[in-house]
Amino acid sequence: MTTEHFTLQGARAAAIAESTGRASIFIGAVSAGLVALGLVVTATEISTAFFAFGLILLSTLAFVGFVTFDRALQSGIEDLQYAQRIARLRAYYFDHAPELTHYLASVRPSRRLAMHGLHGGYTQVFRTVAGMIGVVTAVLTGSAAGLLGTVIAGHSAVAGFVTGGLVGVAALVSLMWFQYVTWGRAGHEQLFEEGQEDPEAGATRTTNPHGPDQAQG
């Protein structure tokens with residue numbers, strides 16, 4: 001049991017490291033891309049070359065953002081499942097060594113978010129790594145759409161801002177909703193056999209007690 005506990009902790013650390021690593025690579029790519037776009041503006045001013053380069057660059061960065069968002073979301077869910085399995089093992093310790101109760105933290109599943117200073121609800125999706133990447137990706141998507149709208153409308157700045165704003169907001173809402181729904185599905189996944197007694201919860205578990213508000217990643 002101790003070996004399994006240690007292995008799960010290592011796997012959880014690896015999942016968190018991958019999530020932050022991918023986010024760092026994405027943000028670095030966005031920063032480098034925007035610097036390159038600025039250099040192109042300096043060299044060519046607002047010309048056809050700028051619009052062509054901007055569309056290709058922003059579209060590529062947006063694609064990388066969507067992929068990074070999806071993987072960061074997967075890593076966050078993986079981290080939550082590792083945490084649930086670790087909590088299950090801790091319940092085993094308390095059951096077979098009740099004298100440890102006064103020395104180890106033990107709270108009910110509904111209180112675990114509060115113990116970490118986290119809050120549930122719809123706004124939690126903006127606090128995750130995937131949520132941060134989703135916001136940046138939505139901005140990139142809106143920027144690419146706005147640039148395309150500007151070109152189609154004959155270099156009209158108003159058309160570009162309107163198009164970019166609408167597409168950016170739509171992309172942000174879609175990504176955040178997708179994340180919330182995905183967390184909800186993950187929260188109801190059955191990680192243990194039905195009918196197993198959860199010593200920590202003090203009841204027979206038939207469904208996963210964690211809802212979408214348990215997003216940690």
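Reader: Which hand does the crossing of H2 and H4 have?

Author: In this predicted model, H2 passes H4 in a left-handed crossing. Left-handed means that the near helix is turned anticlockwise from the far one by less than a right angle, and right-handed means clockwise.

Reader: What angle and axis distance go with H2 and H4?

Author: Helix H2 (residues 48–96) and helix H4 (residues 129–152) pack at about 155°, with axes 8 Å apart. H2 is therefore roughly antiparallel to H4. The classes are: under 35 degrees roughly parallel, over 145 roughly antiparallel, 65 to 115 roughly perpendicular, and the rest oblique. Axes are lines fitted to C-alpha atoms, for helices over the stretch in contact, and angles run from 0 to 180 degrees between N-to-C directions.

Reader: What residue classes make up that contact of H2 with H4?

Author: The contact of H2 with H4 has 18 nonpolar, 9 polar and no charged residues. Ala, Val, Leu, Ile, Met, Phe, Trp, Tyr, Cys and Pro count as nonpolar, Asp, Glu, Lys and Arg as charged, and the others, Gly among them, as polar.

Reader: And H1 with H2, at what angle do they cross?

Author: Roughly 165°, and the axes of H1 and H2 come within 9 Å. That makes H1 roughly antiparallel to H2. The crossing of H1 and H2 is left-handed. Their contact divides into 24 nonpolar, 10 polar and 9 charged residues.

Reader: Switching topic. How do the elements run from the N terminus?

Author: The order is α-α-α-α-α-β-β, that is, 5 helices and 2 strands. Helices (H or I, at least four residues) and strands (E, at least two) are DSSP runs, numbered from the N terminus.

Reader: Where is Leu-37, and is it buried or exposed?

Author: Leu-37 lies in helix H1 (residues 2–44). Leu-37 counts as buried because its relative accessibility is 13%; buried means under 20% relative accessible area, exposed over 50%, partly exposed in between (1.4 Å probe, protein chains only).

Reader: What does Leu-37 contact?

Author: Leaving aside neighbours within four places in sequence, Leu-37 is in contact with Phe-50, Phe-53, Gly-54 and Leu-57. Contact means heavy atoms within 4.5 Å. The C-alpha atoms of Leu-37 and Phe-51 are separated by 9.9 Å.

Reader: What about Gln-179, buried or exposed?

Author: Gln-179 is buried, with a relative accessible area of 0%. Gln-179 is in helix H5 and touches Phe-69, Leu-73, Val-125, Thr-128, Ala-130 and Gly-131, not counting residues up to four places away in sequence.

Reader: Which residue other than glycine has a positive phi?

Author: His-155 is one, with phi near 65°. His-155 is found in the loop between H4 and helix H5 (157–187), and at 53% relative accessibility His-155 counts as exposed.

Reader: What is the average pLDDT of the chain?

Author: The average is 81, and 79% of the residues score at least 70. pLDDT is the predictor's confidence in each residue, from 0 to 100.

Reader: Which stretch has pLDDT below 50?

Author: Residues 197–217, a stretch with 65 contacts in the model beyond near neighbours in sequence. Where pLDDT is low, the predicted coordinates should not be read in detail.

Reader: What are the ground rules for the numbers?

Author: Local features need pLDDT of at least 70, side-chain atom pairs count only at pLDDT 80 or more, and totals for chains, interfaces and linings use all residues. Residues are numbered from 1 along each chain as its sequence is written, and side-chain values use heavy atoms, with hydrogens and water left out.
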